[in-house]
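These notebook entries record what I looked up in one structure, topic by topic.

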Amino acid sequence: MLVGYARTSTLDQKASIEAQVRDLMAAGCEKIFQEQVSSVDVVAREQLAALLDFVREGDTALVTDLSRLARSVPHLLSILDVLGKKGVSLRIMNMGIDTSTPTGKLMLTLLGGISCWEREIMLERQREGVAKAKAQGKYKGRKPTAMAQAEEVLRLKAQGVGASEIAARLGIGRASVYRALQLSQAPNRTAANRPE
């Protein structure tokens, strides 16, 4: 049985996930697991876990692109290990790789290693560029976006809007909402604790 997996990083990428599903269906997938979650988030990728639980010996897991499946080489190897122990092969459509063959397994491991190496080199260059910019006084860091909206957080809270809704409206995290509320109350607490 061909079992597909489609993933995008954000809900905004609707066309991308639809294209993946269409390609997987055209390839003959009988069942497709799909989700919209970042590969690097701490959030569990429930549909990937469901696929790994669902597949049986002789099945083939199918993805359109390697980047849709694994977030790192160790993660890829972990997925391959689970699939291998269950007797399931993996096919990556855009690379023409099929792990049901020894050559396919080798190619996938090599490509995963090269991909990881490229990312490490890119991050190293980025760190060097930031250090150079700091030394020249050109690097200021990113602006604190959440705290810049502290007044709006307080205004919405005063209107009775809950923290989750405030976060959604302003495009910030709930922790940032609570931090803004705590900072606004900090001077009041200090004043209340002072002896008269």
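Predicted model: local features only at pLDDT ≥ 70, side-chain atom pairs only at ≥ 80, totals over all residues.

Entry 1, terms and overview. I take helices (H or I, at least four residues) and strands (E, at least two) as DSSP runs, numbered from the N terminus. Residues are numbered from 1 along each chain as its sequence is written, and side-chain values use heavy atoms, with hydrogens and water left out.

I counted 7 helices and 5 strands in the protein chain. Read from the N terminus, the elements follow the order β-α-β-α-β-α-β-β-α-α-α-α. I call a residue buried under 20% relative accessible area, exposed over 50%, and partly exposed in between (1.4 Å probe, protein chains only). On that scale, 32% of the 196 residues of the protein chain are buried. I then looked up contacts, meaning heavy atoms within 4.5 Å. Among contacts in the protein chain with a separation of 6 or more, 60% join residues 24 or more positions apart.

Which residues of helix 2 are buried? In this helix, residues 46-54, I found Leu-48, Leu-51 and Leu-52 buried. They lie on the same side of helix 2 because they cover an arc of only 95° around the axis; the arc is that of the directions from the helix axis to the C-beta atoms. Glu-46 and Asp-53 are exposed on the face turned away from the buried side. The buried residues of helix 2 pack against strand 1 (2-8), strand 2 (31-36), strand 3 (60-63) and helix 3 (73-85). I also listed the contacts of Leu-51: leaving out residues up to four places away in sequence, Leu-51 touches Val-3, Gly-4, Tyr-5, Phe-33 and Ala-61.

I define a nonpolar core as a set of buried Ala, Val, Leu, Ile, Met, Phe, Trp, Tyr and Cys residues joined through side-chain atoms within 4.5 Å. The largest one has 21 residues, of which Leu-51, Leu-69, Leu-83, Leu-90 and Leu-108 touch the most other members. At least two residues of this core come from each of strand 1, helix 2, strand 3, helix 3 and strand 4 (89-92). Helix 3 supplies the largest share, 4 residues. Apart from this core lies another, of 13 residues, including Leu-170, Ile-172, Ala-180 and Leu-181.

I count a salt bridge where a side-chain nitrogen of Lys or Arg is within 4 Å of a carboxyl oxygen of Asp or Glu. How many does a search of the whole structure find? The search gives 3 salt bridges.

- Lys-85 and Asp-81 meet through their side chains at 3.2 Å, N to O. They are 4 residues apart in helix 3, so about one helical turn separates them. Lys-85 is exposed at 67% relative accessibility, and Asp-81 is partly exposed at 38%.
- Arg-155 and Glu-152 form a salt bridge at 2.3 Å, N to O. Being 3 residues apart in helix 5 (residues 150-158), they too are separated by about one helical turn. Arg-155 is partly exposed at 39%, as is Glu-152 at 27%.
- Glu-165 and Arg-169 form a salt bridge at 3.0 Å, N to O. In helix 6 (residues 163-170) they stand 4 residues apart, about one helical turn. Glu-165 is partly exposed at 39%, and Arg-169 is partly exposed at 49%.

I noted the general rule alongside: an α-helix has 3.6 residues a turn, so residues three or four places apart point the same way.

I found Ala-150, Val-153 and Leu-156 buried in helix 5. Their arc around the axis is only 125°, which puts them on the same side of helix 5. Glu-151 and Ala-158 are exposed on the other side. Just after helix 5, Gly-160 takes a positive phi of about 90°.

I took accessible areas from the Shrake-Rupley method with a 1.4 Å probe; for residues, only the protein chains shown count as cover. The accessible surface of the protein chain comes to about 12,700 Å², with 54% of it belonging to carbon and sulfur atoms. Leu-106 is in helix 4 (residues 102-135) and counts as exposed at 51% relative accessibility.
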